[in-house]
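Hello,

Here is the structure I promised to pass on to you. Please open it next to this message, and my notes follow below.

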Amino acid sequence: MEKTDLTHVQEKSKASALHKTLGPLHIWALGVGVVLVGQFMGWNLGIVKGGSLGALIACWVIGILYICLVMVTTEMGSVIPESGGQYAMAKYLLGPLAAFNVGLMLVFEYVMLEAADALVVGEILKTLSPDVHALPYVLLSLLALTWLNYRGTHATLSLNIVLTGIAFFTICVLLFSTRFYSAETSLLRIKEMTNGLPYGWMGILGAFQFGCWFYLGIEGTVLAAEECRSTSRALPVGAVVGLVTLIVGATATWFVCSGLLPAGKLAGSVYPLFDAAMATHMPLVIHLLFIGTVLSCLASANGCIADASRAWYAMARDTLIPDIFAVLHPKYNTPYRAILFLLPIAIAFGFTGLLDQVVTFSILSALLVYLLTGYMMIKFRKMYPMGSIQRGYTAPLHPLPTMLLLVLTTATLAGMYFGYWINIASGCAFYFLASVWFVIHRSRYLDVSSYMATGASMLPRPRGY
Amino acid sequence: MGFWKIMNVVAWGLCGLIAFQLIADVVRVETARIKETKEKER
């Protein structure tokens, strides 16, 4: 590329860059805010597959998967400080077709999660009174959060800090209201309520995918890398503290719910934490958990809108999809077209009413991204060995985290096959057809010079290229 | 009319207000962008 061309592209890139306003607390809120809803509903379906103990083992084993994932994505994300997270990594490490697929998977992971959140908000509000119509409140939640995202990331994620903090606080209130610390007065009866491992080790494998509910989306922290004031500090600190928060919260959630509700009832509950609060018969705790459930859904949907729109914007900016979405708002500097384009898609999927199907597609998309992330990490360390490039964070014990990530992701997909093989087949068929469209039609419009320009200016030529 | 029935109407009203504000802003931004592009072409 000519030097003048490169300078022009860099200037253009700088002009259309997102504002750098985020610190570690915002990254924590973005990660935990998207995920915390998994503690309030959904994870208990693992009890159907693997029993009480199976769900707990799945929670911890999948916690290991996510520790590895956060290590791997944070190392790569701290070197490639560009909007799009794993998408941006795939762009530089795997090429346009893989980047297109990773971007699409990320968008669907978050849009489906947003749709699931909207569904749950509607269902919870219906419990208040038979006169409540779910539709206006679901639409109001999505529109209000879209409006906030439209007006700026800083305000959006600042709101997420408050929502996430309150939701996490309600879990703590429930935990302490059970007086778990006192053997005499404790409300928890773990031995009587749990059912162990009714389906053995195969049950644990089946419970893995629902263990993902506790953490799904924490990897979204790297999506905001470009908007961090100091990427090398904010990203590792925010992501790691967020993951620790989630592991502690997940264990407390299992402990409280399994001690208050019989395994049979807990497995079929739509709102396990809210049902656990009802079992305490304390009005204040019940009201707080109702608020916590609604706020966690709103925080999750809020983070999902931010993440999905950034991935869509990044793909458009790189001409992998039509570049009409690669425009920032002149006043708020947000990817407003991407934000508005994804809103009706989320609403449409939300109103199918198929919560388990919507969430399974979200989890499947996430697992496929994790497989590609593991492969990218291996390639990344080969292209840029230690010492060849400045890293904001270095994943320890490489390649152990990468290998664990790949093995556990494959095991989770295998467990998913037992109950949802049609979802796996249709999801893979969708991404295959999208790839065919990209190769035959869209790749003709790919502007290779601008596609690689930012990376070419930031990263040295990799070894062997 | 019960409390929740009134709240349902209020929620619909707020939906309309936010949707209107979003659409109005998009129309304003896009109109300005088209004008700017035409001026540059001249």
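Asn333(A) is partly exposed, because 16 other C-beta atoms lie within 10 Å of its own. For that term, 20 or more other C-beta atoms within 10 Å make a residue buried, 12 or fewer make a residue exposed, and anything in between is partly exposed, with C-beta atoms placed from the backbone. Asn333(A) sits in the loop between α14 and α15 of chain A, and its phi is positive, near 60 degrees, in a residue other than glycine. Thr319(A) belongs to the loop between α14 (283–317) and α15 (336–350) of chain A. Thr319(A) is not a glycine either, yet has a positive phi of about 60 degrees, and it counts as partly exposed because it has 18 C-beta neighbours inside 10 Å.

A word on conventions: this is a predicted model, in which local features need pLDDT of at least 70 and side-chain atom pairs count only at pLDDT 80 or more, while totals for chains, interfaces and linings use all residues. Residues are numbered from 1 along each chain as its sequence is written, and chains are lettered from A and ligands numbered from 1 in the order in which they are written.

Now to chain A as a whole. It has 18 helices and zero strands; these are DSSP runs numbered from the N terminus, H or I of at least four residues for helices and E of at least two for strands. The radius of gyration of chain A is 22 Å, close to the 23 Å from the globule rule for 465 residues, so chain A is as compact as a globular protein of that length. That radius is taken over C-alpha atoms, and the rule is 2.2 Å times the number of residues to the power 0.38. The C-alpha trace spans about 75 × 45 × 40 Å along its principal axes, and 55% of the 465 residues count as buried.

Among the buried ones are Leu273(A) and Phe274(A). After α13(A) comes His281(A), with a positive phi near 60 degrees.

Leu273(A) turns up again in the largest nonpolar core, of 159 residues, where Val111(A), Met112(A), Leu273(A) and Trp312(A) touch the most other members. Such a core is a set of buried Ala, Val, Leu, Ile, Met, Phe, Trp, Tyr and Cys residues joined through C-beta atoms within 7 Å.

In the loop between α16 and α17 of chain A you will find Pro399(A). A cis peptide bond joins His398(A) to Pro399(A), with omega about 15 degrees.

Finally, the two chains meet through 15 residues from chain A and 14 residues from chain B; contact is counted when C-beta atoms, placed from the backbone, lie within 7 Å. On the chain A side, helix α7 (residues 134–151) gives the largest share, eight residues. The predictor gives the complex an ipTM of 0.93 and a pTM of 0.84.
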